[in-house]
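Please open the model in your viewer and keep the selection panel at hand. The stops below go from the contact between the chains to single residues.

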2 protein chains.
Amino acid sequence: MNKLFINADGIEAFEKQHRINLINSIGGFKSVVLVGTKNQHAENLAIFSSLVHIGAHPPLVGLIFRPSPPERDTYQNILDTGFYTINHINSSFFKQAHQTSARYDAGISEFTEVGLTPEYKEAFQAPFVKESTIQLGVEFRDKFEIHLNNTTMIIGEITQIHIPKIFLNEDGFVDLTASDCITCSGLDSYHSTQQLDRLSYAKPNLPVTSLLKND
Amino acid sequence: MNKLFINADGIEAFEKQHRINLINSIGGFKSVVLVGTKNQHAENLAIFSSLVHIGAHPPLVGLIFRPSPPERDTYQNILDTGFYTINHINSSFFKQAHQTSARYDAGISEFTEVGLTPEYKEAFQAPFVKESTIQLGVEFRDKFEIHLNNTTMIIGEITQIHIPKIFLNEDGFVDLTASDCITCSGLDSYHSTQQLDRLSYAKPNLPVTSLLKND
């Protein structure tokens, strides 16, 4: 298939919103989650598509923050309290999840505005999203300033997992497709998934095999 | 739906491989790509599921590296040469892409071993994967040591994009579902996608609408 070639000058020459759409989608599908926080005045809920796995032991995840609302409120709440929740987005409420990216005034709760329900449990000091099938409680551990574009990576440790037992396989694998967890591309496109296969651990000179039972 | 609650002690108590499977999949679907590099002796190709969008202007992406092969070879090549490619994985060759994670001896090319084709073009100093529908040329810009678990984040700037014109929308959005770009979960599960919708830019007190034409 013939390909269009776009070089650095071509990327730079695009109109701003065109470049934002292009670069946000060109890296492939992304994890998309709702991050719940609170401060002394209000609860906050913001959608993020920059979640990245940092390591399993300790269980660490990273998120990228830019210096603008509503991410800025979430950022400040995480630094002030040390606690945040990461909540999966299901196909039944992805429009409400997207709506949290609107620039509400400070002191306004996105939970209330978009119609999702804050849930407090197991003494965790940040609100979960009650509608989310899978919920994580995360505690702040470190942050890195990315001076190239004035963003910040925040790294947290997963200290609570709330998950329906039926989506947790015997070997620890989470069946995201069965749980109706969705993925996103770019800034505004949401997708459900279909599992192609689970593959065996790869070894030199040995063909990979399916881990799925044919039943 | 009743949920299982796993706290920090519970996560710590899991058998190692169980914890790896759990934490690698609990964060949601991930971008999964092949990273192509070369040194004076050989070409290298490695699968990564830690790609994260850092920003659009300049166009920056991050990748997390752990201090073990085959990621270590890729890491060293990036630092030595400054150049790497990011290649989308399509459903026709995800098993070959997975096979690149086998621990081949140094000097062995994963391209040859798994049966994918190195492609050099537009004077870029690292090999693309010829079979990939969408290919990116990336130049090293910065790195951060994550001391919490001895990993490194490498940040690069996208300086080349190779994409079939039919997958690039007028507004810059890349239609990943149409391009047969796949996503992954955990260490070994691969998924195709189905678009639910593209939504309008969210504003307070205004319902989001679909950006897709009904034709």
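Strands here (E, at least two residues), like helices (H or I, at least four residues), are DSSP runs numbered from the N terminus. This is a predicted model, in which local features need pLDDT of at least 70 and side-chain atom pairs count only at pLDDT 80 or more, whereas totals for chains, interfaces and linings use all residues. Residues are numbered from 1 along each chain as its sequence is written, chains are lettered from A in the order in which they are written, and side-chain values use heavy atoms, with hydrogens and water left out.

Begin by selecting B:P58, which is found in the loop between strand 5 (52-56) and strand 6 (59-65) of chain B, and look at the peptide bond that joins B:H57 to B:P58, which is cis with omega about 5°. Then select A:P58, in the loop between strand 5 (52-56) and strand 6 (59-65) of chain A, where the peptide bond from A:H57 is cis as well, with omega near 5°. Most peptide bonds are trans.

Next, show both chains and colour the contact (heavy atoms within 4.5 Å), to which chain A gives 113 residues and chain B 112 residues. The buried area, meaning the accessible area (1.4 Å probe) that two parts lose on being put together, summed over both, is about 9,400 Å² between chain A and chain B, with 65% of it from carbon and sulfur atoms. Select A:K3, A:I26 and A:F29, which supply 8% of the area that chain A buries against chain B, more than any other three residues.

Now select strand 13 (residues 189-198) in each chain: the two run antiparallel and are joined by nine bridges, and A:S189 has B:R198 as its bridge partner. The side chain of B:R198 also meets that of A:D188 in a salt bridge at 2.8 Å, N to O, where the rule asks for a side-chain nitrogen of Lys or Arg within 4 Å of a carboxyl oxygen of Asp or Glu.

Move on to B:S179, in the loop between strand 11 (151-163) and strand 12 (183-185) of chain B.

Finish at A:N150, in the loop between strand 10 (135-146) and strand 11 (151-163) of chain A, which has a positive phi of about 65° although it is not a glycine and is exposed at 54% relative accessible area.

Terms used. Two strands pair if DSSP finds at least two bridges between them. Buried means under 20% relative accessible area, exposed over 50%, partly exposed in between (1.4 Å probe, protein chains only).
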